[in-house]
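I opened the notebook to look up a few points in this structure. The entries follow in the order in which I took them.

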Amino acid sequence: MSQSVPQLELKDIKCIRGERLLFRKLNFSCQEGTLVRIAGPNGTGKTSLLRLLVGLMSPQEGKILWGGQEIKKLKEDFWKELVYIGHLNGVKDELTARENLLINCEIGEHPITSEYADECLKKVGLEGFEDQITRALSQGQRRRVALARLYASSHAKLWVLDEPFVALDVAAVENLSNQIAEHVNSGGIVILTTHQEVPISANKKEVITLKGGVWLGRHEMKKVKNV
Amino acid sequence: MTSTSIFTPEGMYRFAGKLAVPCLVSAAIVALIAFYLGFFVAPVDVTQGNSYRILYIHVASAWMAMLLYVLMAIFCILGLVTEKKLWPMIAASLAPTGALMAFLALWTGSLWGRPTWGAYWVWDARLTSALILFFFYLGYLALQNAIPDWRRADKACSVIGIVGVINVPIVYFSVQWWNTLHQGASLTSSGSSIHPIMLTALLVMVAAFWLYTFGATFARLRSIILEREKGEEWAQELALKGEL
Amino acid sequence: MFRLFRAVLIRDLTLALRQKSDILNTVFFFIVVVTLVPLGIGPDQQLLRLIAPGVVWVAALLAALLSLPRLFANDFADGTLEQMLLSGEPLTVIVIAKVFAHWLTTGIPLTVISAVFALMFDLNAEVTVALITALFIGTPVLSLVGSVGAALTLGVRGGSVLTSLLVLPLYIPVLIFGAGAAEAVSVGVSSSAYFLIVGALTLFSLVVMPIATAAALRIAAE
């Protein structure tokens with residue numbers, strides 16, 4: 001694989017949410033095996049940037065490239081290599097934990113067996129809760145049902161996680177951070193936001209800091225015109 | 001710098017600015033000519049007397065209502081396909097005028113119906129189809145209004161506009177079928193061959209409506225462009241110079 | 001692709017069965033509306049027999065409208081919809097699966113219940129069969145066309161009223177021909193054209209609407 005084409009690239013991204021310009025001329029690229037953290041205070045557009053990255057939103061200007069091709073054109077081919085766990089859990093209250101995990105994997109195009117689903121739920125600390133209706137679970141447990149999918153997603157090169165550690169207890173946090181590190185170190189890319197200080201032992205790390213319009217990353221500064 | 005294409009918001013803003021008022025003024029003049037032709041020059045109709053004259057407005061506005069919906073849909077398609085900002089803006093500018101035409105067609109049709117059929121409303125194919133077309137317009141406008149984010153509103157309206165335009169012929173066909181089926185007394189409106197003066201008057205009225213459409217759309221378009229592009233340099237410059 | 005279709009279909013059916021109130025509400029609304037008509041017009045048997053197909057169809061439209069929000073609103077709220085937007089399979093497959101599930105839990109119950117109305121309105125056997133058949137062939141249109149309206153108004157204030165305004169004009173063709181089928185039979189006229197047209201409308205909607213719905217869902221999620 002040619003090293004000159006970055007695996008993930010953002011070119012001159014401009015994002016406007018409603019009347020607010022969140023950021024512009026945002027550039028970034030990274031290769032496989034990188035952990036990328038998006039940092040910045042609340043309201044600076046971290047979630048918006050994640051949604052742009054996965055293709056749920058389109059930027060006002062700029063391109064997002066995966067393996068050199070625009071994700072806008074790749075569509076399903078890009079999404080096959082992606083797992084996104086967003087701010088919302090993406091689990092149905094009326095389904096059991098196992099049913100949720102199974103259908104999530106089906107929709108994500110990596111179907112798994114019931115037994116494997118139970119294993120994933122075990123890894124995320126929900127052993128014994130597989131047949132529980134999700135409505136009866138606590139916030140943290142629901143989050144873990146959503147996160148269990150990661151244990152079946154080693155095939156998906158790109159993980160995009162929005163505040164994955166929220167509502168998790170210490171053991172679960174450690175588990176997840178190890179899982180993320182393992183994915184990064186075996187060639188995957190993980191992009192996440194978190195306001196918690198969680199040590200993740202990934203070999204390569206990058207940070208994109210959003211500051212309400214001024215992007216500080218890789219020691220480059222771009223001024224934004226007053227809008 | 002001065003030769004910005006009119007197919008950009010900035011270019012269109014200037015272009016429309018020059019043409020809006022002239023179009024509206026000419027529309028008024030042409031409409032007066034049409035009225036004169038239709039109400040004074042054209043002869044009295046054999047069967048309907050003088051009451052038929054409102055058809056000049058009714059038929060013209062009905063045509064406009066249909067044409068504008070198709071035009072709107074074309075701009076919706078262009079907007080979705082090319083992702084250029086200007087096209088959905090034009091579609092959104094056309095919609096209220098189209099709705100007005102549809103309403104005018106309904107109202108004048110109803111006024112014509114009273115002396116002709118004895119009722120202000122009859123469920124004949126034409127009137128019913130016009131009513132449904134009016135609903136299509138209302139749906140578009142309501143959706144536009146309900147979604148606060150104009151980017152999302154544009155795209156959503158484009159979808160409903162395209163779905164609507166595909167369905168309008170189907171609806172017309174259905175209503176035609178329904179009407180011929182259920183209609184006891186067949187109500188044909190002006191089946192007689194049309195006198196050349198009448199045709200002229202009608203076409204002049206249509207021309208007046210077109211001019212009005214251009215003028216009103218241009219004016220509305222400028223308003224929309226300004227609201228959306230207010231953060232752009234060219235708009236701020238114009239505002240500072242007082243040349244908006 | 002079929003695997004995903006099947007999985008989403010089973011998912012939606014499971015959810016509907018676990019949340020039975022949705023289906024029951026729709027059915028009860030249907031029954032109540034149809035029952036109200038004789039109460040409003042008077043028990044003239046002749047008249048009721050005449051208007052029955054139209055009344056049943058209009059009530060079916062309204063009941064279908066009422067059931068539209070549950071197509072996407074729940075999924076939109078808990079984040080499962082955006083996961084569908086990121087599926088490795090085309091979104092239209094998922095949309096068709098969901099709409100099919102919606103029809104199974106809306107159109108089919110309505111079609112079945114309408115047999116009871118045939119009794120209430122004293123319709124003869126042939127008219128009843130025509131009515132049920134037309135509903136069976138035509139109610140998919142209600143779900144398909146309705147899905148576009150439901151998708152466009154996701155998360156919008158005043159959603160269901162707005163959906164009605166968007167969707168009801170589009171329901172008119174299937175209403176005219178669906179009710180027309182039973183009416184034709186009741187007058188003794190050939191009804192085959194009606195059934196063919198209703199079938200054509202269903203096929204047309206099946207081809208066109210999922211694409212529009214998928215586009216609308218992406219727009220709603222931005």
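Burial first. I call a residue buried if 20 or more other C-beta atoms lie within 10 Å of its own, exposed if 12 or fewer, and partly exposed in between, with C-beta atoms placed from the backbone. I looked up A:Arg144 on that scale. A:Arg144 counts as buried because it has 26 C-beta neighbours inside 10 Å.

Ground rules. This is a predicted model, in which local features need pLDDT of at least 70, side-chain atom pairs count only at pLDDT 80 or more, and totals for chains, interfaces and linings use all residues. Residues are numbered from 1 along each chain as its sequence is written, while chains are lettered from A and ligands numbered from 1 in the order in which they are written.

**A:Arg144, continued**

I placed A:Arg144 in helix H6 (residues 139–147) of chain A. Helices (H or I, at least four residues) and strands (E, at least two) are DSSP runs, numbered from the N terminus. Next I looked for its contacts, meaning residues whose C-beta atoms, placed from the backbone, lie within 7 Å. Leaving out residues up to four places away in sequence, A:Arg144 touches A:Val124, A:Gly125, A:Leu126, A:Leu168 and A:Ala172. I also checked A:Lys123, 21 residues from A:Arg144 along the chain. Their C-alpha atoms are separated by 9.8 Å.

**Strands of chain A**

I count two strands as paired if DSSP finds at least two bridges between them. Strand S1 (residues 8–17) of chain A pairs with strand S2 (residues 20–30) of chain A. The sense is antiparallel, over seven bridges. Here A:Cys15 stands opposite A:Phe23 of S2(A). The hairpin of S1(A) and S2(A) has two residues between the strands. In this hairpin A:Gly18 takes a positive phi near 65 degrees.

S1(A) also runs antiparallel to strand S4 (residues 61–66) of chain A, joined by five bridges. I found A:Ile64 in S4(A) as the bridge partner of A:Leu10.

**Chain B**

What is chain B built from? I found seven helices and zero strands. The C-alpha trace spans about 60 × 40 × 25 Å along its principal axes. Of the 244 residues in chain B, 42% are buried. I then took the contacts in chain B with a separation of 6 or more. Residues 24 or more positions apart account for 79% of them.

**Chain C**

I checked confidence here. pLDDT is the predictor's confidence in each residue, from 0 to 100. Chain C averages 93, and 100% of its residues score at least 70. Among its elements, helix H7 (residues 107–120) of chain C has the lowest mean pLDDT, 91. Helix H6 (residues 91–105) of chain C has the highest, 96. For the model I noted ipTM 0.88 and pTM 0.89.

How many residues does each chain give to the contact of chain C with chain A? Chain C gives 20 residues and chain A gives 22 residues. On the side of chain C, helix H1 (2–18) and helix H5 (80–85) are the elements that give two or more residues.

Last, I looked at H1(C) against H6(C). They pack at an angle of about 35 degrees, with their axes 8 Å apart. Axes are lines fitted to C-alpha atoms, for helices over the stretch in contact, and angles run from 0 to 180 degrees between N-to-C directions. Among the residues that meet are C:Leu4, C:Phe5 and C:Val8 in H1(C) and C:Val93, C:Ile94 and C:Ala97 in H6(C).

Conventions:
Two residues are in contact if their C-beta atoms, placed from the backbone, lie within 7 Å.
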